[in-house]
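We will go from stop to stop.

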Amino acid sequence: MKIDDIELLVLQFENRTLLRVEWTHEAHLIVAISYCWDFDDEMAFEKMKANITTYNRSVGTENTDISGYHETMTIFWMRFLRKYLNDNEFESVEDACNSFFESEFASQN
């Protein structure tokens, strides 16, 4: 993934022009890595939470106990990705995203 693709995904997510079908698990992780790269833990989490809940509403997904935003999952992934970034050395968010998606952690198996 190129930096332009990452920046476009984050922009479309934040301004709610990202198509609902494009808001995949991978897209969630790319945005989360980008936020962890750019912000401290608290700000990255708050931005993720606020933008997911707002995005969900914009595409007609309700944020309930059984649908939409899941706080526990968001906390898990934000902490996990922060640890991944801290445990590895990357020159850019592009390198971090590509490394993560080539790692065992992104495996579907």
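**Stop 1**

Select aspartate 4. At 56% relative accessibility, this residue counts as exposed. The labels used on this tour are buried (under 20% relative accessible area), exposed (over 50%) and partly exposed (in between), with a 1.4 Å probe and protein chains only. The areas come from the Shrake-Rupley method, and for residues only the protein chains shown count as cover.

Two notes before moving on. The model is predicted: local features need pLDDT of at least 70, side-chain atom pairs count only at pLDDT 80 or more, and totals for chains, interfaces and linings use all residues. Residues are numbered from 1 along each chain as its sequence is written, and side-chain values use heavy atoms, leaving out hydrogens and water.

Aspartate 4 sits in helix 1. Helices here are DSSP runs (H or I, at least four residues), numbered from the N terminus. Together with Asp4 they form a surface patch of negative charge. Which helix gives the most to the negative patch? Helix 1, residues 3–14, does, with three residues.

A patch takes residues with over 30% relative accessible area and no salt bridge, and joins like charges within 9 Å. Asp and Glu count as negative, Lys and Arg as positive; His and the chain ends are not counted. Each charge is placed at CG of Asp, CD of Glu, NZ of Lys or CZ of Arg.

**Stop 1: salt bridges**

How many salt bridges are there by this tour's rule? The count comes to four. The rule asks for a side-chain nitrogen of Lys or Arg within 4 Å of a carboxyl oxygen of Asp or Glu. Side chains of opposite charge can pair when their charged atoms come close.

Select glutamate 14 and lysine 47. Their side chains meet in a salt bridge, 3.8 Å from N to O. Glutamate 14 lies in helix 1 and lysine 47 in helix 3, so this pair ties together parts 33 residues apart in sequence. Glutamate 14 is partly exposed at 27%. Lysine 47 is also partly exposed, at 22%.

Next, select arginine 82 and aspartate 41. In this salt bridge the closest N and O atoms are 2.3 Å apart. Arginine 82 is in helix 4 (residues 71–87) and aspartate 41 is in helix 3, so the pair links distant parts of the chain, 41 residues apart. Aspartate 41 is partly exposed, at 48%.

Move along helix 4 to lysine 83 and aspartate 87. Their salt bridge is 2.5 Å, N to O. The two are four residues apart in helix 4, which means they are separated by about one helical turn.

**Stop 3**

Select threonine 74, still in helix 4. Threonine 74 is buried, with a relative accessible area of 10%. What does threonine 74 touch, not counting residues up to four places away in sequence? Show Phe45, Met48, Ile52 and Tyr69. Contact here means heavy atoms within 4.5 Å.

Now jump to asparagine 51 in helix 3, residues 41–58. Asparagine 51 is buried too, at 13%. Leaving aside neighbours within four places in sequence, asparagine 51 is in contact with Phe13, Glu14, Arg16 and Tyr35.

**Stop 4**

Arginine 16 is in the loop between helix 1 and helix 2 (25–38). Its phi is positive, about 60°, although arginine 16 is not a glycine. Most residues other than glycine have a negative phi. Arginine 16 is partly exposed, at 32%.

**Stop 2: distances to draw**

Select threonine 54 in helix 3. Draw a line between the C-alpha atoms of threonine 54 and phenylalanine 13: they are 41 residues apart along the chain and separated by 9.7 Å.

Finish at glycine 68, in the loop between helix 3 and helix 4. Glycine 68 is partly exposed, at 24%. Glycine 68 touches Asn56, Thr61, Glu62 and Asn63, not counting residues up to four places away.

Conventions: Patches are made of residues with over 30% relative accessible area and no salt bridge: like charges are joined within 9 Å, nonpolar side chains (Val, Leu, Ile, Met, Phe, Trp, Tyr) within 5 Å. Accessible areas come from the Shrake-Rupley method with a 1.4 Å probe; for residues, only the protein chains shown count as cover.
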